[in-house]
Amino acid sequence: MTKTLSGKVALVTGGSRGLGAVAAAALAEAGADVAISYVASEGKAAAVVETLKAKGVRALAIQADQGDPTTAEHVIRDLLEHFGKLDILVNNAAVAWQGKSIDDPEIDNAAMDRQWSINTLGVIANIRSACKVMTDGGRIISIGSGLGTRIAFPGTTDYAATKAAVVAYSKGAARDLGPRNITVNVVQAGIMDTEMAAGSKDNLPPIIMESHAIQRFATLDEVASAILYLAGPSAGFITGTVLDVNGGFTA
Ligand SMILES: NC(=O)c1ccc[n+]([C@@H]2O[C@H](COP(=O)([O-])OP(=O)(O)OC[C@H]3O[C@@H](n4cnc5c(N)ncnc54)[C@H](OP(=O)(O)O)[C@@H]3O)[C@@H](O)[C@H]2O)c1
């Protein structure tokens, strides 16, 4: 593979497993030094770092709870102390706590509020902290969901709305940061076979797959490829947009 990202430094939040780990590997494969963040999976994060270093790049794991937006500053500070600069932010870390109607007496509103803190306020805090120090010409890519555009079934209200809010924020940020040639985009992933979707592969309500033009899960590589493209030199004029990698769920 051409090392299109040699000399670049990337931060992938939630890089200890799932899509984040695969995206971090794709960025490292393209030559970028990569920091990953995680909240609990110290061992998995350490293993990802070793995998990245084996590709010949520098790598670092940073523990932080994105549900506390004040941690964003310390993540960026640790990254700068280690690498000296930041070129690419991949806002990947999130939770998906859903499945109940908002009028269900058993819905855990405290958990829903924490989901907002992790998926929206934490993502915004990362963008705010990163953009202040990011190299001109940098890249901010946040991972959304097709549910941020289309709510095809009940029980996803809060999760979907956390992702929709990130789209609006990203469009505004694209306007603010355009003068510095920093691009800001969202990749709206489809359903992927990760721990987030654990157990759903075999128990999926039919309406979910039927809502897709291509009726299968996304592979992690398919979504990581879109991230890699937006992070790369060919995508310098793409900003304020949403790239759907969800098999036509939003078509
Ligand atoms: N899986 C799907 O079907 C699907 C569909 C559409 C969009 N997405 C989006 O794709 C992205 C990646 O999802 P995934 O399926 O790869 O998720 P995943 O397998 O559950 O991994 C989540 C990652 O986020 C980290 N994380 C969770 N809570 C955190 C917190 N409070 N602070 C910091 N890090 C935290 C986890 O760290 P620890 O390992 O330390 O817990 C882990 O690295 C998310 O933005 C998700 O919303 C997923």
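Author: With pairing: two strands pair if DSSP finds at least two bridges between them. Strands (E, at least two residues) and helices (H or I, at least four) are DSSP runs, numbered from the N terminus. This is a predicted model, in which local features need pLDDT of at least 70, side-chain atom pairs count only at pLDDT 80 or more, and totals for chains, interfaces and linings use all residues. Residues are numbered from 1 along each chain as its sequence is written.

Reader: Which residue in β6 stands opposite G144?

Author: Q188 does. Strands β5 and β6 (residues 183-189) pair in the parallel sense over seven bridges. β5 also pairs in the parallel sense with β4 (residues 88-91), over four bridges, and there R139 of β5 is the bridge partner of I88.

Reader: Is β5 buried or exposed?

Author: A residue is buried if 20 or more other C-beta atoms, placed from the backbone, lie within 10 Å of its own. Seven of the seven residues of β5 (residues 139-145) are buried, so the strand is largely enclosed by the rest of the structure. R139, I141, I143 and S145 point one way, and I140, S142 and G144 the other.

Reader: How are two packed helices described?

Author: By the angle between their axes and the distance between the axes. Axes are lines fitted to C-alpha atoms, for helices over the stretch in contact, with angles from 0 to 180 degrees between N-to-C directions. Helices α1 (residues 18-29) and α2 (residues 42-53) pack at about 20°, their axes 9 Å apart. That makes α1 roughly parallel to α2, a term for angles under 35 degrees.

How values were computed. A residue is buried if 20 or more other C-beta atoms lie within 10 Å of its own, exposed if 12 or fewer, and partly exposed in between; C-beta atoms are placed from the backbone. Angles under 35 degrees count as roughly parallel, over 145 as roughly antiparallel, 65 to 115 as roughly perpendicular and the rest as oblique.
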